[in-house]
Structures are given as structure tokens and as C-alpha cells.
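This report covers model confidence and charged side-chain pairs. Start with the structure itself.

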Amino acid sequence: MPLRRVDVVLLFPFKQSIRWAVAFLTIMSLLWLSPFVSAQTEPETPSVNPLGYVARIHNDSPEEVADALRRAESLYLEGKLSELTDPISIVLHGPEVEIFFKDKYDEYKNIVDLAARLSAFGVVNVQVCETQTGIMGRSRSSIHSFIGTIPFGPTEVKRLLNQQSYVYF
């Protein structure tokens with residue numbers, strides 16, 4: 001909420017105590033009214049995506065990521081994802097980010113291929129946490145090219161839920 005400067009000049013020929021009382025009441029009323037005035041002047045910004053979904057990943061395991069991808073695929077194949085929805089966000093910020101390291105492809109081939117296919121169809125948007133990747137001693141170049149990165153995963157999940165009105169799927 002932007003702050004606005006308000007100048008109040010009180011010119012009263014009365015006693016000093018009355019002047020202070022009026023000044024105090026004026027300032028208090030301005031402070032009391034300021035939330036209402038700013039609420040009326042600031043336009044409501046509707047959610048960019050009221051139909052957005054984010055996968056809930058708690059156990060930081062490849063199996064949980066695979067389950068989320070299979071569920072997204074199932075919803076897509078059954079036609080239950082509206083054309084109005086953005087891709088389902090899958091934000092990884094634990095040790096499971098290793099799934100998408102290029103040198104781990106043989107180990108996680110099925111998961112990576114499913115994620116790549118769903119990304120190409122616009123069903124999912126997989127992002128990994130740069131902080132976690134750095135902790136694991138890796139750089140962006142070690143991650144498959146279809147995977148996005150975000151600076152800090154937990155913050156991105158909160159942003160999607162709170163600012164973009166996404167819900168867990």
C-alpha cells in the first residue's frame with residue numbers, strides 16, 4: 001500500500017489545549033480512514049490463474065515425484081484438466097532434484113521421460129530449486145533443458161498458493 005503525504009494545518013485562535021485536541025482528533029480520524037481510502041483507490045488484482053494446481057511433494061522421494069506425474073497424466077488423459085488451467089506446477093526443493101540431473105538419466109529414465117512428455121504437452125511445469133542444486137554441488141547445466149529453475153523452492157510454492165491462488169492437487 002503506497003504511503004501518501006497528508007499535510008494538516010490547524011489555525012485556531014483558541015487556547016492551546018483545544019488546538020491540541022482538534023489536532024489529535026484530526027490525525028486520529030485520518031489514520032482511521034486511511035485503510036478505507038487506500039482500499040478504494042488500489043484496484044483489486046484478480047488472480048492470474050484461478051484454476052492453477054501445484055503438486056504436493058512431502059517425502060522428497062523419486063516415487064512421490066513419479067506418482068505426481070502419473071496422476072497428472074491420468075487427469076490429462078481423462079480430460080479432467082480444463083483448457084483454462086496452466087500446467088500443473090511441480091516444484092522440487094529436496095534431494096529428489098537429482099532425478100533431473102543429466103548424469104542420473106539411466107537411473108530415473110522412466111520418470112524423466114514421463115516428465116518430458118507431459119511438459120511437451122503442456123500438462124506439467126517442473127521446476128527445481130537452485131539453492132538445493134547448489135547444495136548438491138551442481139549447476140544449471142547439469143539439469144535437463146526442459147526443467148525450469150527457481151531460486152528457492154519453498155518460496156515459489158508459497159507464491160503459487162498465496163499470490164496465484166493455486167491449490168494442491
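## A lysine with two partners

At 23% relative accessibility, Lys 104 is partly exposed (buried means under 20% relative accessible area, exposed over 50%, partly exposed in between; 1.4 Å probe, protein chains only). Lys 104 forms a salt bridge with Glu 98, at 3.7 Å from N to O. A salt bridge here is a side-chain nitrogen of Lys or Arg within 4 Å of a carboxyl oxygen of Asp or Glu. Lys 104 also pairs with Glu 107, at 3.9 Å from N to O. Glu 107 is exposed, with 53% relative accessible area.

## A pair within helix H5

Arg 159 and Glu 156 form a salt bridge, with the closest N and O atoms 2.9 Å apart. The two sit three residues apart in helix H5 (residues 153-162), so about one helical turn separates them. Helices are DSSP runs of H or I, at least four residues, numbered from the N terminus. Arg 159 is partly exposed at 30%. Glu 156 is buried at 11%.

Shared partners join Glu 98, Lys 104 and Glu 107 into one salt-bridge network. The structure holds eight salt bridges.

## Confidence and basis

The model is predicted: local features need pLDDT of at least 70, side-chain atom pairs count only at pLDDT 80 or more, and totals for chains, interfaces and linings use all residues. Residues are numbered from 1 along each chain as its sequence is written, and side-chain values use heavy atoms, leaving out hydrogens and water.

The protein averages a pLDDT (the predictor's confidence in each residue, from 0 to 100) of 81, and 69% of the residues score at least 70.
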